[in-house]
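I opened the notebook to look up a pocket, a core and a sheet, in that order. The entries below follow the order of looking.

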Amino acid sequence: MTTSETPIPKPLPLMEGLSKQFYDWCRQHELRFQRCSGCGVWRHVPREMCAACGSFEWEWARSSGRGRVFTWTVVARAMHPAFQDSVPYAPVVIEMEEGVRLLSTVVDCTPDALQIGMAVEVVFEPVTPEITLPKFRKTKELGARA
């Protein structure tokens with residue numbers, strides 16, 4: 001196999017600190033976000049301090065795994081060679097029931113079929129033995145299973 005035929009791997013999350021903890025939960029097929037123990041506010045991306053009340057006390061609380069499409073963009077020209085075979089694709093911002101927003105993809109929906117407010121639920125895609133990514137699929141309504 002020549003260099004030009006060798007697939008370029010897609011970039012993966014760094015597995016360190018709070019990011020590693022988030023993806024460790026995903027590897028167990030659990031979507032968890034930080035929730036402040038002081039004021040109860042959910043947050044993502046993971047960080048040490050609550051932006052709402054300044055508390056450093058928090059827990060990894062389990063998400064319902066349900067949300068809605070908040071926004072997206074369609075990538076028609078890959079800016080990284082590893083994504084060349086994936087275009088067009090749509091990075092999607094999902095607003096979870098808990099109020100946090102997560103950047104991901106909707107696996108069973110072409111970019112032209114996406115809709116603002118579309119109900120989705122989490123599915124997990126193992127990409128390496130260490131990393132499982134949270135992705136989403138359409139569902140009929142929040143609280144309902146497709």
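What volume does the largest pocket have? I am working from a predicted model, and in it the largest pocket comes to about 940 Å³.

Entry on the pocket lining. I found 30 residues lining the largest pocket, and F83, S104, T105, L133 and K135 lie nearest its centre. The elements that give two or more residues to this lining are α1, β6 (101-104) and β8. I sorted the lining residues by type and got 21 nonpolar, six polar and three charged.

Entry on the core. I looked up the largest nonpolar core next; it has 25 residues. The ones with the most contacts inside this core are F22, L31, F33, I94, V106 and F136. Two or more core residues come from each of α1 (17-27), β3 (58-62), β5 (92-96), β7 (119-126) and β8 (132-138). I noted that nonpolar side chains tend to be buried together in soluble globular proteins.

Entry on V106. Leaving out residues up to four places away in sequence, I listed what V106 touches: V69, V92, I94, L114, V120, F136, R137 and K138.

Entry on the sheet. Three strands form an open sheet in the order β2-β1-β3, with antiparallel pairing. Why is one side of β2 and of β3 left without a neighbour in the sheet? Because β2 (42-43) and β3 stand at the edges, each has a single partner strand. I then checked β1 (residues 32-36) against β2, and they pair in the antiparallel sense over two bridges. For Q34, I recorded R43 in β2 as the bridge partner.

Notes:
Residues are numbered from 1 along each chain as its sequence is written. This is a predicted model: local features need pLDDT of at least 70, side-chain atom pairs count only at pLDDT 80 or more; totals for chains, interfaces and linings use all residues. Side-chain values use heavy atoms; hydrogens and water are left out. A nonpolar core is a set of buried Ala, Val, Leu, Ile, Met, Phe, Trp, Tyr and Cys residues joined through side-chain atoms within 4.5 Å. Buried means under 20% relative accessible area, exposed over 50%, partly exposed in between (1.4 Å probe, protein chains only). Helices (H or I, at least four residues) and strands (E, at least two) are DSSP runs, numbered from the N terminus. Contact means heavy atoms within 4.5 Å. On a 1 Å grid over the protein atoms alone, a cavity is a set of points where a 1.4 Å probe fits but cannot get out, and a pocket is an open set with protein on both sides within 12 Å along at least five of seven lines; lining residues have an atom within 4 Å of a point. Grid points are joined across faces, edges and corners, and a volume is the space filled by probe spheres set on the points. Ala, Val, Leu, Ile, Met, Phe, Trp, Tyr, Cys and Pro count as nonpolar, Asp, Glu, Lys and Arg as charged, and the others, Gly among them, as polar. Two strands pair if DSSP finds at least two bridges between them.
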